[in-house]
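The entries below follow the order in which I looked them up.

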Amino acid sequence: MFGRWVADVSRKVPSLLKRVSLGMKPQVVFVLGGPGAGKGTQCSRIVENYSYTHLSAGDLLREERAREGSEFGQLIDNYIKEGQIVPVQITINLLKKAMEATMEKDETKFRFLIDGFPRNEDNLQGWNTVMDGKADVKFVLFFDCDNKVCIQRCLERGKSSGRTDDNRESLEKRIQTYLQSTRPIIQLYEKLGKVRTVDASRSVDEVFAEVKAILDKEA
Ligand code: ADP
Ligand code: AMP
């Protein structure tokens, strides 16, 4: 009877809380870099080769924008087109839910690549408030890429991506947002010795070789 009750309760306790209470917090790598630096491309490669789950803040926001009945659809749409950073409450909730759903489905899935987050001070504060003590941030994987190369890649991607922000006008704004808001966050983590930088302007295979060396060393 008691055993069944415990099993019942533990099924209901969100796996994030369960993990924290067991001292087995989810492990997080933040993935940052300019728009088009190749974050998504490299995360896919990592997922193929390591036991990480890829969560892209941008993808989660685009999914939420498309979700029928979403109260934030229009707001997210405006922010994305303007290359601005969506308010943190929305993004952090989507990330937290996605982490919980992943661990709920498979308890062995507790390593996350969080791509495109934290993009600014607001994001970082939101993370510290909501996730403090609930996840271990291992390091920041920083894809360092020349802005011109980034723009060129996104324009190329824009020919087939259907994204509302892969055009020159949105890209200029996204680069500005990156330089003004995201670079300082990377610098902040640099001071903590938590940034692993990759030269992302080379070919996909060359970049991945460097990523692999970093992940193998960190494991
Ligand atoms: P991000 O997630 O950083 O915005 P993506 O991974 O979506 O960037 O890459 C942007 C575009 O550039 C995609 O069309 C992708 O195929 C291409 N790309 C990614 N990495 C490289 C690379 N190392 N060299 C050339 N093109 C790349
Ligand atoms: P990405 O797919 O990473 O290129 O992001 C596309 C757009 O989604 C950005 O220009 C922002 O408008 C929005 N976005 C992505 N990540 C975040 C985030 N961490 N916080 C707020 N907005 C974000």
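**Second largest pocket.** I sorted the lining residues of the second largest pocket by class and found six nonpolar, two polar and three charged. In this scheme Ala, Val, Leu, Ile, Met, Phe, Trp, Tyr, Cys and Pro count as nonpolar, Asp, Glu, Lys and Arg as charged, and the others, Gly among them, as polar. The lining consists of Gln27, Val29, Tyr50, Ser51, Tyr52, Arg111, Lys138, Phe139, Leu215, Glu218 and Ala219. I noted that β1, β4 (136-144) and α10 each supply at least two of the lining residues. About 200 Å³ of space lies in this pocket.

**Conventions.** I record that the model is predicted, that local features need pLDDT of at least 70 and side-chain atom pairs pLDDT 80 or more, and that totals for chains, interfaces and linings use all residues. Residues are numbered from 1 along each chain as its sequence is written, chains are lettered from A and ligands numbered from 1 in the order in which they are written, and side-chain values use heavy atoms, with hydrogens and water left out.

A pocket here is found on a 1 Å grid over the protein atoms alone, as an open set of points where a 1.4 Å probe fits, with protein on both sides within 12 Å along at least five of seven lines; lining residues have an atom within 4 Å of a point. Grid points are joined across faces, edges and corners, and the volume is the space filled by probe spheres set on the points. Helices (H or I, at least four residues) and strands (E, at least two) are DSSP runs, numbered from the N terminus.

**Largest pocket.** I then turned to the largest pocket, whose volume is about 820 Å³. It is lined by 43 residues, of which Pro35, Lys39, Arg119, Arg163 and Arg174 are the closest to its centre. By class, the lining holds 14 nonpolar, 18 polar and 11 charged residues. Which element gives the most to this lining? I found that α4 does, with five residues. Elements that supply at least two residues each include β1 (27-33), α3 (39-49), β2 (53-56) and α8 (147-161).

**Annotated positions.** I looked up the UniProt record, an unreviewed entry, which lists Gly36, Ala37, Gly38, Lys39, Gly40, Thr41, Arg157 and Arg202 under "binding site". The lining of the largest pocket includes each of these residues: Gly36, Ala37, Gly38, Lys39, Gly40, Thr41, Arg157 and Arg202. UniProt positions are given in the numbering used here, feature names are shortened, and annotations may be inferred rather than shown by experiment.

Gly36 is found in the loop between β1 and α3. I class Gly36 as buried because its relative accessible area is 15%; the cut-offs are under 20% for buried, over 50% for exposed and in between for partly exposed (1.4 Å probe, protein chains only). Leaving out residues up to four places away in sequence, Gly36 touches Cys150, Arg153 and Cys154, where contact means heavy atoms within 4.5 Å. Ala37 has its place in the loop between β1 and α3 and counts as buried at 3% relative accessibility. With the neighbours up to four places away excluded, Ala37 touches Phe143, Cys145, Cys150, Arg153 and Ala200.

The "binding site" annotation of the unreviewed UniProt entry also covers Asn123, which I located in helix α7. Is Asn123 buried or exposed? Asn123 counts as buried, because its relative accessibility is 2%.

**Arg163.** I placed Arg163 in the loop between α8 and α9; at 23% relative accessibility this residue counts as partly exposed. Apart from neighbours within four places in sequence, Arg163 is in contact with Arg62, Arg157 and Arg174. In α4, I found Ala57, Gly58, Leu60, Leu61, Arg62 and Glu64 to be buried. These buried residues pack against β2, α5 (73-81), α6 (88-105) and β3 (111-115).
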